[in-house]
Amino acid sequence: MGSPWKGFVEFTLPASPPTAFVSADLSSTSPVGLSLSPYGRSMSFDPGMLHNNGHTAYANGTGPGLRETGVVEKLLTSYGFIQCSERQARLFFHCSQYNGNLQELKIGDDVEFEVSSDRRTGKPIAVKLLKIKPEVLPEERIQGQVGPDLHAYPFTVLHGYIHPVVSAIPVHLDGKSAPGQVPTGSVCYERNGWSGFPQEVFYLTYTPDDVEGNIHLDTGDKVSFYMDTNKHTGAVSARNIQLVKKKQMRCQGVVCATKEAFGFIERADVVKEIFFHYSEFKGDLEALQAGDDVEFTIKDRNGKEVATDVRLLPQGTVIFEDISIEQFEGTVVKVIPKVPTKNQNDPLPGRISARIGFTDKELPFGEKDTKSKVTLLEGDHIQFNISTDRRDKLERATNIDILPDTFSFTKETREMGVIAAIRDGFGFIKCVDRDARMFFHFSEVLEETQLHISDEVEFTVVPDMLSAQRNHAVRIKKLPKGTVSFHTQSEQRFVGVVEKDILGTTNKNASPTKNKEKECEEGVIAYEDCGVKLTVAYHTKDLEGGGQPQVGDKVEFSINEVKRTGQQSAVSIRVLNRNASNAKRLHGFVATLKDNFGFIETANHDQEIFFHYSEMCGDLENLELGDTVEYTLSKGKGNKVSAEKVTKVAAVNGIGDDVGVTVMMGKVIRPLRSVDPSQTEYQGLIEITEEGGTKGTNYPFGIMGMVNKADCLQKGELVKFQVCTVPQTGQKMACNVVPQRRAMVECVKDQFGFITYEVGESKKLFFHVKEVQDGLELQTGDEVEFSVVLNQRTGKCSACNVRRVSEGPKPVVTPRPDRLVNRLKSITLDDASAPRLVIVRQPRGPDNSKGFNVERKTRQPGVID
C-alpha cells in the first residue's frame with residue numbers, strides 16, 4: 001500500500017487550539033483525518049477516525065463521530081464525569097461506554113470520547129470512551145535560552161510545527177500582573193528535524209514560579225530546564241529552570257577610585273563596585289578621573305567579575321538616586337562618630353527620625369549628606385530631602401541643614417565669647433566663662449557667616465576626639481554687637497576713701513613709640529556695705545574726670561565683677577572731696593616725648609617740666625603731644641624739679657579764651673627748645689613782618705599755640721598766627737600758628753623724594769610718597785607746601801602733609817641720537833651681539849598686585865572680542 005501523504009500543509013490556529021481535523025485532498029478521493037498532538041509540534045494519523053459528511057445536529061453544535069479529549073474528573077461505581085480539554089464543559093459518562101478494562105481507569109486519566117445526548121433529558125453525554133496513552137516526556141535537562149521579544153502573533157507555524165513566540169518576563173511585571181493573569185516568558189531550544197528537514201527551534205512558556213532561585217531572567221540568558229505537560233490543556237511548558245550563564249550586557253556606572261594601574265567602578269544596576277584594569281579603558285587615560293560616567297561589559301576572570309571594554313559616557317548619564325523636591329523636618333537620633341571604629345562598616349551610620357505622611361520613619365545618612373561641616377548633635381532639629389536609590393530602593397536623608405530653633409531642642413550648654421585671633425582656616429575665641437582661649441575651625445560656623453576679629457559669637461564646647469584633655473568650639477553663631485559682656489556692673493553706687501593710691505611701675509626703658517606694654521599697681525578703696533567694712537581694688541583706666549585720687553580722698557564708684565573669675569574692682573570712679581593734706585596737683589600739657597622721658601608745658605605756657613615714663617600712671621601708648629595731664633612737683637637729686645604721678649586727664653582749653661580775630665604774618669626768630677635744645681628759654685618767639693604799626697613786635701608761643709603739635713618750626717620760617725591772652729598771667733602769646741612753607745621738589749624716586757628746603761645743616765628735606773595729599777604723583781620741579789616733623793629716635797627732620805601748589809615745567813623728551821636709531825634698525829634677533837633686556841623690577845597692577853588678573857589671549861584675525 002502506498003503512503004497516503006501526497007503533500008504538506010502549513011496552517012495557523014488560535015491561542016488555545018482545540019483538537020482539529022483538517023480535510024485535505026492529497027491526490028486521493030478518500031478523506032484523511034489529521035489531529036494535533038498535545039505538544040503542538042507533530043501530527044498523528046488514525047484511519048479509524050473517519051466520518052461521513054452527513055451530520056445529525058446536537059444541542060452543543062457537534063456532530064456524531066466528532067471526537068474530543070478530556071480528563072476524568074470524578075469516578076464512581078457505575079458512572080463518572082469528564083472535564084473537556086478543548087472547551088469549558090463537564091460531561092457525564094456511564095462506565096458501560098468505556099472501551100477497556102474499567103479497573104485501570106483512574107481519576108486524572110486522559111480519555112478520548114464522542115459527544116451524544118441523553119434520550120431522556122436531552123443533555124450532552126460522553127460515549128465511546130477510549131483511554132489515551134500519555135506520551136512520556138524526556139526527564140533529562142534540556143539546554144536552551146530565554147526567547148527574544150519578537151512582538152509576533154501568539155502562534156506561528158514553522159515547518160509544519162506550531163510553537164509559541166513570547167519573550168522574557170518584563171521587569172515591571174515580574175511577580176505582578178492583572179487579576180486573573182500570570183506573566184509569562186519563553187525559553188527556546190533546538191532539536192534535529194525529520195529526514196530532509198533542517199534543525200528545528202521550539203519555544204516553551206514559563207512563569208516566575210518555574211524559575212529556581214527566585215532570580216530574574218533576561219532575554220538571551222542560557223538556561224537548563226525540564227519539559228512538562230498540562231493534563232487539562234495538553235500544553236507543554238518549561239519547569240525547574242536553572243540559570244546557566246547570563247548574557248553579556250553593557251552596564252553603566254561611575255568611576256569611584258583610581259589607582260596606579262587600575263580602578264573601581266560603582267555599578268548603576270546593583271549596589272556593588274567592580275574592578276577594571278587601565279588596559280580595558282578605551283579612551284584618553286590621562287583624562288580619566290573619579291566621578292566620570294562610563295559603560296562597560298562584565299566578564300568572569302579567575303572566578304571574579306571584572307569590567308572590560310570601559311568607555312566614557314557624557315557627564316550626567318548615570319543617575320543613582322532620585323531626590324525629593326519636598327523638604328521634610330526631623331530629629332537627629334544618631335550622629336556620625338568623628339573617629340570611626342574598627343567594626344564600623346555601615347557607610348550611612350547616622351539616623352534621623354521623621355514623620356513622613358502619617359508614618360514615623362527612621363532614615364540613615366552619611367557624611368556627604370549634610371549641607372555644611374557643622375557638627376550635628378543628637379536631638380538636633382533639621383530639615384532635609386529624601387534620596388531614593390534606583391538600584392535597591394534604599395531611602396536616606398540628604399541635604400541636611402540645621403534649623404535655627406535647634407538649640408531649644410538639644411538643651412545643650414551654649415557659651416559666649418569674642419573672636420581673638422584668626423588664622424588660615426581656624427581661629428581662637430576669648431571665652432566669657434573660661435580662662436583659656438577656645439580653638440575653632442571655620443567649618444563650624446553656622447549660616448556660612450564671615451567672621452572677623454572682635455566679632456561676638458555663641459558656641460558649644462565639646463571634647464576633642466583625639467585628645468580628651470583638649471576642648472574646641474563647635475556650632476558657632478555670630479551675635480549682634482553688644483551682646484557679649486565679660487563682666488557685670490552693679491547699679492548701686494558706693495562711697496569710700498582711698499586707702500592706697502596708684503604708683504607707677506612702668507618699665508624704665510618703655511616708650512610710646514616702641515609700643516611697650518605697661519603694668520600699674522592697683523589702688524585700694526575702703527568702703528562699707530550693710531555695716532561691713534570692705535576694700536576693693538581700682539585701676540587708672542576706671543577713673544572719671546580729671547585728676548588722680550590720692551590717699552584720703554573721698555570717692556564714689558560702682559563695683560564691677562568679672563564673670564570668669566568673680567574678681568571685683570571699682571569702676572566709674574569720681575573724686576568727691578580731696579584730702580587737704582595731699583600735695584597740690586597741677587595741670588600741664590605734653591610738650592616733648594623722647595625714648596623714655598618727656599617734658600610738660602606748664603599751665604602758664606612759659607616753662608617745661610621734666611618727667612620720666614616711670615612716673616606715668618596710665619597707658620603710654622595713648623599719650624601724644626598736646627595731651628592734658630595732671631602731675632605733682634617734686635625735687636630730686638641736685639634740687640632739680642620734676643613731675644611725678646603724671647596722669648592723663650580730660651582735655652581742657654590750652655589757650656586763653658581771648659583770641660584776636662586778626663590773622664598776622666610773622667617770622668620765627670626763636671624756635672621751641674625741643675627744636676633747639678641749646679637755648680635756655682623754653683618759649684619760641686615770632687616777629688610780625690607785616691607793614692603797619694605793629695611791625696617788629698615779638699610774641700612768644702608754646703606747644704599749645706601750634707595748630708600741628710608735631711610741626712618743627714625752624715628759625716627764619718614764615719608763619720600765620722593770631723594773638724591771645726593767658727588768663728592766669730595776662731601775657732599776650734601767639735596761637736593757631738601755621739607755617740607758610742613753599743619749596744620745589746628736587747627729585748622723586750620709587751617710594752620717596754627730596755624737597756629743596758634747608759633744615760639745620762641739611763640742604764634738602766626727605767619725604768615719603770605716602771605723605772603726599774590726594775594721592776598725587778609729584779614730579780621734579782613741582783611747588784609744594786608741607787610740614788616738618790622731627791624723628792625723636794634719629795633726630796632727623798622730614799616733610800609730612802605734602803600738598804602740591806603748582807606743577808613744574810614738563811620735561812622735554814629728547815630724540816634718540818641718530819647713531820642709536822641706525823644701530824637698532826640694523827640689529828636682528830639672531831645677532832649675538834645685540835643688547836639684551838634685563839628685568840629690573842616686575843610690573844604691578846593698579847591694585848599693587850603682580851601680573852594681570854585677565855589672562856592674555858592670542859587675537860584671531862577678523863574676530864572682535
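As background, nonpolar side chains in soluble globular proteins tend to be buried together.

Five strands close into it in the order 49-50-51-53-52, with mixed pairing, and the twist from one strand to the next averages 50 degrees. Strand 49, residues 743-748, pairs with strand 50, residues 752-755, in the antiparallel sense over three bridges, and within that pairing G753 of strand 50 is the bridge partner of V748. Strand 49 is also joined to strand 52 by two bridges, and these two run antiparallel; here A743 stands opposite V784 of strand 52. Strand 52 in turn pairs with strand 53, residues 797-806, over seven bridges, again in the antiparallel sense, with V789 standing opposite S798 in strand 53.

Is strand 52 itself mostly buried or exposed? Seven of the eight residues of strand 52, which spans 783-790, are buried, and so this strand is largely enclosed by the rest of the structure.

Let me turn to the glutamate, E280, which is found in the loop between strand 17 (273-277) and strand 18 (293-301). E280 counts as buried because its relative accessible area is 14%, which is under the 20% cut-off for that class. Which partners does the side chain of E280 reach? There is a polar contact with the side chain of R301, at 3.2 Å, and the side chain of E280 also reaches the backbone nitrogen of D309, at 3.2 Å. Leaving aside neighbours within four places in sequence, the residues in contact with E280 are R301, A307, T308, D309 and V310.

For the protein as a whole, the secondary structure comes to two helices and 53 strands, and 37% of the 865 residues count as buried. Among contacts between residues at least 6 apart in sequence, 56% join residues at least 24 apart.

Finally, the confidence values. The average pLDDT of the protein is 78, and 77% of the residues score at least 70. Over residues 1-63, however, pLDDT stays under 50, although the model has 90 contacts for this stretch beyond four places in sequence. Residues 504-519 are also below 50, and that stretch has 37 contacts in the model beyond near neighbours in sequence. Where pLDDT is low, the predicted coordinates should not be read in detail.

Methods:
Residues are numbered from 1 along each chain as its sequence is written. This is a predicted model: local features need pLDDT of at least 70, side-chain atom pairs count only at pLDDT 80 or more; totals for chains, interfaces and linings use all residues. Side-chain values use heavy atoms; hydrogens and water are left out. Helices (H or I, at least four residues) and strands (E, at least two) are DSSP runs, numbered from the N terminus. Buried means under 20% relative accessible area, exposed over 50%, partly exposed in between (1.4 Å probe, protein chains only). A polar contact is a pair of N or O atoms within 3.5 Å; within protein, one must be able to donate a hydrogen and the other to accept it, and residues adjacent in sequence count only if both atoms are side-chain atoms. Contact means heavy atoms within 4.5 Å. pLDDT is the predictor's confidence in each residue, from 0 to 100. Two strands pair if DSSP finds at least two bridges between them. Axes are lines fitted to C-alpha atoms, for helices over the stretch in contact, and angles run from 0 to 180 degrees between N-to-C directions.
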